[in-house]
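Biologist: I am new to this structure and would like a close look at one part of it. Please take the aromatic pairs and what surrounds them.

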Amino acid sequence: MAGRFAPRPTRTTVRGGDVAMPAPRDATAPAPAPERVRTWVPDGPLELGLVLGPLRRGPGDPTFRALPDGSVWRASLTPAGPGTLRVTQRGGEVRGQAWGPGADWLLDRMPEMLGAADDPSAFEPRHRLLALTQHRRPGLRLTRTGLVLESLIPSILEQKVTTGEAYRAWRLLVRKFGEPAPGPAPERMSVMPAPRTWALIPSWEWHRAGVDDKRASTVLRAVRVAARLEEAMGMPPVAAQARLELVSGIGPWTSAETVQRSHGAPDAVTVGDLHLPGIVGWALAGNRHADDAVMLELLEPYAGQRHRAARLILLSGRVPERRAPRMPYGDIGRL
């Protein structure tokens, strides 16, 4: 879980925050010829780092890379197979290059991944802080990946542990059991393991990655019904969350974190988070001790857009000062 209230790159701030995107360099060498190329012009402002930031699970995420040339790389396991997508933005145009069996699938859905299905105009700020943040960050769009499992598994790994523990587990497991990203992907990029591969990971490898039996068992239960969970993409976000929560060990926190990314759900506010209620309470009412009930009451005027409101609050940087030490880091793999 994110460290309490300090505005540093934790899971909580990443959900509403940004991935730093260096300014594009014209002198960089072009990428090798891709299998497929697509260009797309968004109908409004777009910040790649801001839209795609929630998809990165820590700075060492093997499935995500932001490079100094201004490009963002993603390695995904699509219904058509593994694929690598490179996205760049020049002026008002976005260019996607893709490799691997999943290249067509990734390019077909690239606009939705970059927020084409999102409608920022549906949000009406009723608080000065939200209005100011929305004005300062007009490029915020909600991503829609169209993939459930790739958001669900890392969300399960993030249950009730520190940010570092969760990111380390994801990094180690994907690098060891995933496959290299297709095409000229940056070094050490990997595609997430297939459901059957997750199911065959030995118990000691979960332990070495710092994943306790409860979280590992939840992942195993999820991958056994992976096809049924992926069918949730054809459902509204609320119904999709209900289907995910049929799996023992998946609750409202995990299901919301998943559909925020897979469905681009603007109203899927995260409940059960250790830090978010206090941040929302402090930003909107000066109440750092707010619980879920208070947070939902404060966000009620934004019904239908509560997730967007929470992201804008996190982007504002208005968080209370820390009053307690960070949660200690524990590595069960050393036991």
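Modeller: In this predicted model, a search of the whole structure finds 4 aromatic pairs. One of them joins tryptophan 73 and tryptophan 99, which are stacked, with 5.4 Å from centre to centre and 10° between the planes. This pair links distant parts of the chain, since tryptophan 73 belongs to strand S3 and tryptophan 99 to strand S5, 26 residues apart. Tryptophan 73 and tryptophan 99 are both buried.

Another pair is made by phenylalanine 123 and tyrosine 302: the ring centres are 5.4 Å apart and the planes meet at 20°, so this pair is stacked. Phenylalanine 123 sits in the loop between helix H4 (110-113) and helix H5 (128-136), and tyrosine 302 in the loop between helix H15 (292-299) and helix H16 (306-316), so the pair ties together parts that are 179 residues apart in sequence. Phenylalanine 123 and tyrosine 302 are both buried.

Ring pairs also link Trp170, Trp198 and Trp206 into a cluster. Leaving aside residues up to four places away in sequence, tryptophan 198 touches Trp170 and Trp206, and its other contacts include Ile153, Leu173, Met192 and Val223.

On one side, strand S2 (residues 64-66) pairs with S3 in the antiparallel sense over 3 bridges, and phenylalanine 64 has arginine 74 as its bridge partner. S2 and S3 form a hairpin with 5 residues between them, and glycine 70 in that turn has a positive phi of about 90°. S3 also pairs with strand S4 (residues 81-90), again antiparallel, over 7 bridges; here valine 72 stands opposite valine 87. The hairpin of S3 and S4 has 2 residues between the strands.

Strand S5 (residues 93-99) also contains glutamine 97, which is buried, with a relative accessible area of 2%. The side chain of glutamine 97 makes a polar contact of 2.5 Å with the side chain of arginine 86. Glutamine 97 and valine 37 are 60 residues apart in sequence, yet 4.6 Å apart in space, C-alpha to C-alpha.

Terms used
Residues are numbered from 1 along each chain as its sequence is written. This is a predicted model: local features need pLDDT of at least 70, side-chain atom pairs count only at pLDDT 80 or more; totals for chains, interfaces and linings use all residues. Side-chain values use heavy atoms; hydrogens and water are left out. Two strands pair if DSSP finds at least two bridges between them. Helices (H or I, at least four residues) and strands (E, at least two) are DSSP runs, numbered from the N terminus. Buried means under 20% relative accessible area, exposed over 50%, partly exposed in between (1.4 Å probe, protein chains only). A polar contact is a pair of N or O atoms within 3.5 Å; within protein, one must be able to donate a hydrogen and the other to accept it, and residues adjacent in sequence count only if both atoms are side-chain atoms. Contact means heavy atoms within 4.5 Å. Rings of Phe, Tyr and Trp (its six-membered ring) pair if their centres lie within 6.5 Å; planes under 30 degrees apart count as stacked, over 60 as edge-to-face and the rest as tilted.
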